[in-house]
Amino acid sequence: MSKNLSINLLENRLVCTCSSESFIKWIGSTSVQLVNKNLTFCQLSTGKRILMINIPEIYKRLEKDCTSYEVLISVLVVTILLFSIVLILGFSYRFRWKLRYVYYMVKIRSRSKIPHIDADEKEYMYDAFVSYADEDRLFIHTQLLQTLEKENGIRLCLHKRNFLPGNDIATNITSAIHNSRKTIVIMTYHYLKSYWCMFEFNMARMESIYERNNENVLFLVVFEHISARDFPLHILEVVQSQSYIEFPNDEQGDVVFWLQLVTALK
(Lines give C-alpha, C1' and ligand atoms only; values in the text may rest on other atoms or scores of the structure.)
Protein backbone atom coordinates (compact mmCIF):
# COMPACT_ATOMS: atom_id res chain seq x y z
CA MET A 1 0.00 0.00 0.00
CA SER A 2 2.99 2.26 0.42
CA LYS A 3 4.02 4.22 -2.65
CA ASN A 4 7.66 3.94 -1.60
CA LEU A 5 7.73 0.16 -1.23
CA SER A 6 10.80 -1.51 -2.76
CA ILE A 7 11.78 -5.18 -3.05
CA ASN A 8 15.24 -6.68 -3.42
CA LEU A 9 15.18 -9.92 -5.47
CA LEU A 10 18.94 -10.42 -5.69
CA GLU A 11 20.29 -13.92 -4.96
CA ASN A 12 16.85 -15.46 -5.57
CA ARG A 13 16.75 -18.38 -8.02
CA LEU A 14 14.31 -16.83 -10.49
CA VAL A 15 13.23 -18.73 -13.61
CA CYS A 16 11.87 -17.43 -16.90
CA THR A 17 9.72 -20.36 -18.04
CA CYS A 18 6.09 -20.94 -18.95
CA SER A 19 5.28 -21.80 -15.32
CA SER A 20 6.50 -18.35 -14.14
CA GLU A 21 4.96 -16.38 -17.01
CA SER A 22 2.49 -14.49 -14.78
CA PHE A 23 5.30 -13.61 -12.32
CA ILE A 24 7.49 -12.18 -15.09
CA LYS A 25 4.52 -10.17 -16.34
CA TRP A 26 4.02 -8.74 -12.84
CA ILE A 27 7.67 -7.71 -12.58
CA GLY A 28 7.39 -5.80 -15.85
CA SER A 29 4.14 -4.01 -14.92
CA THR A 30 4.27 -3.46 -11.14
CA SER A 31 4.66 0.01 -9.58
CA VAL A 32 6.73 -1.53 -6.79
CA GLN A 33 10.37 -0.45 -6.90
CA LEU A 34 12.65 -3.40 -7.64
CA VAL A 35 16.13 -2.87 -6.19
CA ASN A 36 18.99 -3.64 -8.57
CA LYS A 37 16.61 -5.01 -11.18
CA ASN A 38 19.31 -4.72 -13.83
CA LEU A 39 21.54 -7.08 -11.80
CA THR A 40 18.85 -9.72 -11.27
CA PHE A 41 19.18 -12.99 -13.19
CA CYS A 42 16.61 -15.53 -14.26
CA GLN A 43 17.12 -18.96 -15.74
CA LEU A 44 15.53 -20.02 -19.05
CA SER A 45 14.10 -23.48 -19.71
CA THR A 46 17.31 -24.22 -21.63
CA GLY A 47 19.36 -23.64 -18.44
CA LYS A 48 20.83 -20.38 -19.62
CA ARG A 49 20.85 -17.46 -17.12
CA ILE A 50 20.03 -13.97 -18.44
CA LEU A 51 19.90 -10.53 -16.89
CA MET A 52 16.40 -9.17 -16.39
CA ILE A 53 17.25 -5.82 -18.00
CA ASN A 54 14.40 -5.71 -20.51
CA ILE A 55 11.45 -7.33 -18.75
CA PRO A 56 8.82 -6.59 -21.48
CA GLU A 57 11.05 -8.20 -24.11
CA ILE A 58 11.61 -11.27 -21.93
CA TYR A 59 7.86 -11.58 -21.31
CA LYS A 60 7.04 -11.14 -25.01
CA ARG A 61 9.51 -13.88 -25.91
CA LEU A 62 8.19 -16.12 -23.16
CA GLU A 63 4.58 -15.53 -24.17
CA LYS A 64 5.34 -16.33 -27.80
CA ASP A 65 7.22 -19.54 -27.03
CA CYS A 66 4.64 -20.84 -24.56
CA THR A 67 1.62 -19.87 -26.62
CA SER A 68 3.05 -21.29 -29.84
CA TYR A 69 3.86 -24.57 -28.15
CA GLU A 70 0.38 -24.97 -26.68
CA VAL A 71 -1.34 -23.93 -29.88
CA LEU A 72 0.81 -26.28 -31.94
CA ILE A 73 -0.02 -29.22 -29.67
CA SER A 74 -3.72 -28.34 -29.70
CA VAL A 75 -3.84 -27.99 -33.48
CA LEU A 76 -1.89 -31.20 -33.94
CA VAL A 77 -4.14 -33.17 -31.59
CA VAL A 78 -7.32 -31.81 -33.16
CA THR A 79 -6.01 -32.52 -36.67
CA ILE A 80 -5.10 -36.09 -35.77
CA LEU A 81 -8.50 -36.65 -34.15
CA LEU A 82 -10.39 -35.23 -37.12
CA PHE A 83 -8.30 -37.24 -39.58
CA SER A 84 -8.87 -40.42 -37.56
CA ILE A 85 -12.61 -39.81 -37.38
CA VAL A 86 -12.88 -39.10 -41.11
CA LEU A 87 -10.75 -42.16 -41.89
CA ILE A 88 -12.84 -44.43 -39.66
CA LEU A 89 -16.12 -43.08 -41.01
CA GLY A 90 -14.92 -43.37 -44.59
CA PHE A 91 -13.66 -46.91 -44.03
CA SER A 92 -16.87 -47.90 -42.26
CA TYR A 93 -19.04 -46.48 -45.05
CA ARG A 94 -16.92 -47.98 -47.83
CA PHE A 95 -17.00 -51.46 -46.32
CA ARG A 96 -20.29 -51.15 -44.41
CA TRP A 97 -21.91 -54.20 -46.02
CA LYS A 98 -18.81 -56.34 -45.69
CA LEU A 99 -18.49 -55.41 -42.02
CA ARG A 100 -22.16 -56.22 -41.39
CA TYR A 101 -21.89 -59.48 -43.30
CA VAL A 102 -18.80 -60.56 -41.35
CA TYR A 103 -20.47 -59.57 -38.08
CA TYR A 104 -23.58 -61.68 -38.69
CA MET A 105 -21.61 -64.62 -40.06
CA VAL A 106 -19.44 -64.69 -36.94
CA LYS A 107 -22.54 -64.30 -34.78
CA ILE A 108 -24.49 -67.19 -36.29
CA ARG A 109 -21.45 -69.44 -36.54
CA SER A 110 -20.64 -68.87 -32.88
CA ARG A 111 -24.17 -69.93 -32.01
CA SER A 112 -23.95 -73.00 -34.28
CA LYS A 113 -26.92 -71.84 -36.32
CA ILE A 114 -25.22 -72.64 -39.65
CA PRO A 115 -24.39 -76.25 -40.49
CA HIS A 116 -21.11 -76.95 -42.27
CA ILE A 117 -21.46 -76.91 -46.05
CA ASP A 118 -19.15 -79.15 -48.05
CA ALA A 119 -17.32 -76.88 -50.47
CA ASP A 120 -16.78 -79.73 -52.97
CA GLU A 121 -20.22 -81.35 -52.97
CA LYS A 122 -22.03 -78.00 -52.68
CA GLU A 123 -24.75 -79.34 -50.40
CA TYR A 124 -27.23 -76.65 -49.42
CA MET A 125 -30.38 -76.72 -47.35
CA TYR A 126 -32.28 -74.83 -50.04
CA ASP A 127 -32.02 -74.42 -53.79
CA ALA A 128 -32.98 -70.76 -53.55
CA PHE A 129 -33.76 -68.06 -51.05
CA VAL A 130 -36.54 -65.78 -52.30
CA SER A 131 -35.99 -62.10 -51.58
CA TYR A 132 -39.17 -60.09 -52.11
CA ALA A 133 -41.16 -57.19 -50.74
CA ASP A 134 -44.15 -58.03 -48.58
CA GLU A 135 -46.44 -56.16 -51.00
CA ASP A 136 -45.58 -58.77 -53.69
CA ARG A 137 -46.33 -61.78 -51.49
CA LEU A 138 -49.41 -62.82 -53.52
CA PHE A 139 -47.26 -63.66 -56.55
CA ILE A 140 -44.70 -65.45 -54.36
CA HIS A 141 -47.11 -67.61 -52.38
CA THR A 142 -49.24 -68.59 -55.34
CA GLN A 143 -47.44 -68.70 -58.70
CA LEU A 144 -43.77 -68.87 -57.64
CA LEU A 145 -44.23 -71.39 -54.84
CA GLN A 146 -46.62 -73.52 -56.88
CA THR A 147 -44.48 -73.64 -60.04
CA LEU A 148 -41.00 -73.99 -58.57
CA GLU A 149 -41.48 -76.00 -55.41
CA LYS A 150 -44.62 -78.08 -55.89
CA GLU A 151 -44.35 -78.76 -59.62
CA ASN A 152 -40.56 -78.88 -60.06
CA GLY A 153 -39.25 -79.88 -56.62
CA ILE A 154 -37.08 -76.82 -56.13
CA ARG A 155 -36.59 -76.20 -52.41
CA LEU A 156 -37.35 -72.57 -51.61
CA CYS A 157 -36.59 -70.58 -48.48
CA LEU A 158 -39.26 -67.98 -47.68
CA HIS A 159 -38.94 -65.66 -44.72
CA LYS A 160 -42.60 -66.12 -43.77
CA ARG A 161 -42.17 -69.87 -43.59
CA ASN A 162 -38.56 -70.89 -43.01
CA PHE A 163 -37.01 -68.29 -40.69
CA LEU A 164 -36.17 -69.60 -37.22
CA PRO A 165 -38.32 -68.03 -34.50
CA GLY A 166 -36.33 -66.30 -31.79
CA ASN A 167 -33.53 -65.17 -34.10
CA ASP A 168 -33.28 -61.54 -35.13
CA ILE A 169 -34.22 -60.75 -38.73
CA ALA A 170 -30.69 -59.94 -39.90
CA THR A 171 -29.33 -63.23 -38.55
CA ASN A 172 -32.11 -65.20 -40.25
CA ILE A 173 -31.50 -63.44 -43.55
CA THR A 174 -27.75 -64.05 -43.51
CA SER A 175 -28.23 -67.69 -42.53
CA ALA A 176 -30.86 -68.26 -45.23
CA ILE A 177 -28.66 -66.75 -47.98
CA HIS A 178 -25.64 -68.75 -46.84
CA ASN A 179 -27.63 -72.00 -46.81
CA SER A 180 -29.19 -71.43 -50.24
CA ARG A 181 -27.60 -72.20 -53.60
CA LYS A 182 -29.11 -69.09 -55.19
CA THR A 183 -30.96 -65.96 -54.13
CA ILE A 184 -33.96 -65.05 -56.29
CA VAL A 185 -34.64 -61.31 -56.21
CA ILE A 186 -38.16 -60.26 -57.20
CA MET A 187 -37.36 -56.71 -58.29
CA THR A 188 -40.22 -54.20 -57.97
CA TYR A 189 -40.62 -50.60 -56.84
CA HIS A 190 -41.77 -51.95 -53.48
CA TYR A 191 -38.52 -53.92 -53.28
CA LEU A 192 -36.39 -50.82 -53.89
CA LYS A 193 -38.17 -48.97 -51.08
CA SER A 194 -37.83 -51.74 -48.50
CA TYR A 195 -34.95 -51.59 -45.99
CA TRP A 196 -34.89 -55.34 -45.42
CA CYS A 197 -35.00 -56.08 -49.14
CA MET A 198 -31.94 -53.89 -49.62
CA PHE A 199 -30.33 -55.73 -46.71
CA GLU A 200 -31.04 -59.10 -48.37
CA PHE A 201 -29.71 -57.89 -51.72
CA ASN A 202 -26.44 -56.65 -50.25
CA MET A 203 -25.96 -59.71 -48.05
CA ALA A 204 -26.33 -61.88 -51.14
CA ARG A 205 -23.66 -59.78 -52.89
CA MET A 206 -21.32 -60.20 -49.92
CA GLU A 207 -22.00 -63.95 -49.89
CA SER A 208 -20.97 -64.25 -53.54
CA ILE A 209 -17.78 -62.24 -52.97
CA TYR A 210 -16.50 -63.58 -49.65
CA GLU A 211 -17.96 -67.10 -49.42
CA ARG A 212 -18.49 -68.31 -53.01
CA ASN A 213 -15.31 -67.05 -54.73
CA ASN A 214 -17.24 -64.47 -56.79
CA GLU A 215 -19.75 -67.06 -57.96
CA ASN A 216 -22.95 -65.27 -58.90
CA VAL A 217 -25.63 -66.26 -56.41
CA LEU A 218 -28.07 -63.50 -57.40
CA PHE A 219 -30.83 -64.32 -59.86
CA LEU A 220 -32.75 -61.17 -60.75
CA VAL A 221 -36.38 -61.31 -61.77
CA VAL A 222 -37.66 -57.92 -62.90
CA PHE A 223 -41.33 -58.28 -62.02
CA GLU A 224 -42.39 -54.86 -63.28
CA HIS A 225 -40.85 -52.29 -65.57
CA ILE A 226 -38.44 -50.07 -63.64
CA SER A 227 -36.69 -47.08 -65.16
CA ALA A 228 -32.88 -47.17 -64.97
CA ARG A 229 -32.82 -43.83 -63.15
CA ASP A 230 -34.90 -45.32 -60.33
CA PHE A 231 -32.32 -48.00 -59.52
CA PRO A 232 -29.80 -47.29 -56.76
CA LEU A 233 -26.28 -47.25 -58.20
CA HIS A 234 -25.13 -50.51 -56.60
CA ILE A 235 -28.20 -52.35 -57.95
CA LEU A 236 -27.91 -50.75 -61.40
CA GLU A 237 -24.33 -52.03 -61.64
CA VAL A 238 -25.55 -55.58 -60.98
CA VAL A 239 -28.43 -55.24 -63.44
CA GLN A 240 -26.12 -53.98 -66.18
CA SER A 241 -23.32 -56.47 -65.54
CA GLN A 242 -25.35 -59.65 -64.97
CA SER A 243 -28.15 -61.36 -66.86
CA TYR A 244 -31.67 -61.04 -65.56
CA ILE A 245 -35.11 -62.19 -66.59
CA GLU A 246 -38.27 -60.13 -66.97
CA PHE A 247 -41.68 -61.38 -65.97
CA PRO A 248 -43.81 -61.21 -69.13
CA ASN A 249 -47.28 -61.50 -67.55
CA ASP A 250 -48.83 -63.10 -70.65
CA GLU A 251 -49.75 -66.71 -71.32
CA GLN A 252 -47.18 -67.52 -73.98
CA GLY A 253 -44.40 -65.59 -72.32
CA ASP A 254 -45.15 -67.16 -68.92
CA VAL A 255 -44.29 -70.62 -70.24
CA VAL A 256 -40.86 -69.48 -71.44
CA PHE A 257 -40.29 -67.50 -68.25
CA TRP A 258 -40.93 -70.43 -65.90
CA LEU A 259 -38.91 -72.78 -68.10
CA GLN A 260 -35.91 -70.45 -68.00
CA LEU A 261 -36.25 -69.94 -64.25
CA VAL A 262 -36.48 -73.65 -63.48
CA THR A 263 -33.53 -74.44 -65.77
CA ALA A 264 -31.37 -71.76 -64.10
CA LEU A 265 -32.16 -72.99 -60.61
CA LYS A 266 -31.64 -76.66 -61.37
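Which residues have the most contacts inside the largest nonpolar core? Hi everyone, that's where I'd like to start. A quick word on the model first. It is a predicted one, where local features need pLDDT of at least 70 and side-chain atom pairs count only at pLDDT 80 or more, while totals for chains, interfaces and linings use all residues. Residues are numbered from 1 along each chain as its sequence is written, and side-chain values use heavy atoms, with hydrogens and water left out.

So, the answer: M187, F201, F231 and I235, in a core of 34 residues. By nonpolar core I mean buried Ala, Val, Leu, Ile, Met, Phe, Trp, Tyr and Cys residues joined through side-chain atoms within 4.5 Å, buried being under 20% relative accessible area with a 1.4 Å probe, protein chains only. Among the elements supplying at least two residues each are α3 (96-110), β8 (180-187) and α9 (233-241); helices are DSSP runs of H or I, at least four residues, and strands of E, at least two, numbered from the N terminus. The largest share, seven residues, comes from α8.

Look at I235: beyond its neighbours within four places in sequence, I235 is in contact (heavy atoms within 4.5 Å) with M187, L192, M198 and F201. There is also a second, separate core of 22 residues, including A128 and F219.

Now the sheet. Five strands form an open sheet in the order β7-β6-β8-β9-β10, with parallel pairing, where pairing takes at least two DSSP bridges between two strands. At the edges sit β7 (156-157) and β10 (244-246). Between β8 and β9 there are five bridges, and V185 stands opposite L220 in β9. Thanks, everyone!

Conventions
Buried < 20%, exposed > 50% of the residue type's maximum accessible area, 1.4 Å probe, protein only.
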